[in-house]
Amino acid sequence: MAKLAIRNTIRTQRFHHNEMTQQQLADQVGVTRQTIAAIEAARYSPSLEVAFKIAAVFGQPLENIFQYEA
Amino acid sequence: MSYTQKTRLLEAVITLVLLFNYLQAVLSMTPEAQMDPTLASSLLIKLAIQTVVMLVIMHSILAAFNSKYANQAKDEREQAIALKGKSVSLFVLQLGVVNAVFAQLVDQVYPIPMSPVHQLVIAALLSEVIGAAVEAWLLHRG
């Protein structure tokens, strides 16, 4: 499947946050683990709300988590 | 496998079983019996009862083993996938309706040896099977 143009650093951020699991992140954001896995693998672009929630969990601005590659 | 994926997969399997049972019952009838409204309605009532009972049992078992996720609403990705599944399901249903209307208009059981009423019911069941299967596959794919 073609990957999306939006890259993310979720995997790295999880590692830096005490090796947070996808399930822990999913529980904090309020989505399923499968959705976090799809976002992390750049197979699904989240809504702005979910993107901001993910950034808030890591305490980072949105642009540190998601980058657009034209 | 997520709770929604398990649910949709099992719904597809259950509906497929019900579809085969219904097909078997209809194909074993004579063309005259197929047109009989009493027989058709009894078959429909039987199908409705079977569907409700089997889906209630399936959801109860799934909820018992996945109590954490049973009450959770679908997230945004699951909702988007459900919408895709419904559009496929609707397309199949539309084909079935057009086929049944055509069969009614030409006043013969064409192209399938079955009355238009039963063709409509089978189209509804088939659309549900295909819609649920597509949704389960899209959920699996990520």
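How many helices and strands are there in chain B? Chain B holds six helices and zero strands, where helices (H or I, at least four residues) and strands (E, at least two) are DSSP runs numbered from the N terminus. The model is predicted, and local features need pLDDT of at least 70, side-chain atom pairs count only at pLDDT 80 or more, and totals for chains, interfaces and linings use all residues. Residues are numbered from 1 along each chain as its sequence is written, while chains are lettered from A and ligands numbered from 1 in the order in which they are written.

Along the sequence, the pattern of chain B reads α-α-α-α-α-α. The C-alpha trace of chain B spans about 50 × 25 × 20 Å along its principal axes. Chain B has 142 residues, of which 25% are buried (20 or more other C-beta atoms within 10 Å of the residue's own; exposed, 12 or fewer; partly exposed in between; C-beta atoms placed from the backbone).

Helix α5 (residues 76–105) of chain B contains L105(B). L105(B) is exposed because 10 other C-beta atoms lie within 10 Å. Its C-alpha atom is separated by 46 Å from that of M1(B), 104 residues apart along the chain.

Between the chains, 11 residues of chain A are in contact with six residues of chain B, contact being defined by C-beta atoms, placed from the backbone, that lie within 7 Å. On the side of chain A that touches chain B, helix α3 (residues 33–40) of chain A gives the most, with four residues.

Conventions. Two residues are in contact if their C-beta atoms, placed from the backbone, lie within 7 Å.
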